[in-house]
Amino acid sequence: MRLTTKGRYAVTAMLDLAFHSQIKPVTLTEIAARQTISLSYLEQLFARLRRAGMVKGVRGPGGGYTLCGEATEINIADIIAAVDEHVDVTKCGGEANCQQHQACLTHDLWMGLSDQIREYLKGITLAELLEKHQVQEIAKRQDQDIQHIIDIHRLSGANAEVA
């Protein structure tokens, strides 16, 4: 299956955003820290997600990103498509030129599987993922881990000022 890190990271970042933007806009720096994704990579992904109308930026103090719509309206397949990613298990990218510029013997089999995967991902929304107990527990753990790192930096900064 050709789902690169671009599609995986986009889904992860959108799920993080859906979880945390219920209270206030979320910065890309916060998402990068929680999900260990490069900030510059997130900036590229969010430019595409913004163009697709899935997220909007909020400027000023306390700014960041929020979802454009409800989490119930955003499905996983649309997120993947928004970052120019395609779910495809064929060798030919769906072009039917897999064997000497023609369809191979199993082309229709792999096209059918690709269609099934796309339909499966279309049937799952961010809201459905947010409802999962395991997703909530992981998000809370990530928040605690980041807070612990912030506390360590704050303490080491205070110690450096004293010395």
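Predicted model: local features only at pLDDT ≥ 70, side-chain atom pairs only at ≥ 80, totals over all residues.
Residues are numbered from 1 along each chain as its sequence is written.

Helices are DSSP runs of H or I with at least four residues, strands are runs of E with at least two, and both are numbered from the N terminus. Helix α1 covers residues 5–20. The expected span of a helix is 1.5 Å times one less than its number of residues. For the 16 residues of α1 this gives 22 Å, and the end C-alpha atoms are 22 Å apart, which agrees. Its buried residues (under 20% relative accessible area, 1.4 Å probe, protein chains only) include Gly7, Ala10, Val11, Met14 and Leu17.

Helix α3 spans residues 39–51. Its 13 residues should span 18 Å, and its end C-alpha atoms are 18 Å apart. Leu42, Leu45, Phe46, Ala47 and Leu49 are its buried residues. Elements in contact with them (heavy atoms within 4.5 Å) include α1, α2, β1, β2 and α4. Just after α3, Gly53 takes a positive phi of about 75°.

Ser114 belongs to helix α5, residues 107–122. Ser114 is buried, at a relative accessible area of 1%. Not counting residues up to four places away in sequence, Ser114 touches Val87, Asp88, Val89 and Thr90. A polar atom of the Ser114 side chain lies 2.8 Å from the backbone nitrogen of Val89.

Key:
Heavy atoms only, no water. Buried < 20%, exposed > 50% of the residue type's maximum accessible area, 1.4 Å probe, protein only. Polar contact = N/O pair within 3.5 Å; in protein donor to acceptor, adjacent residues only side chain to side chain.
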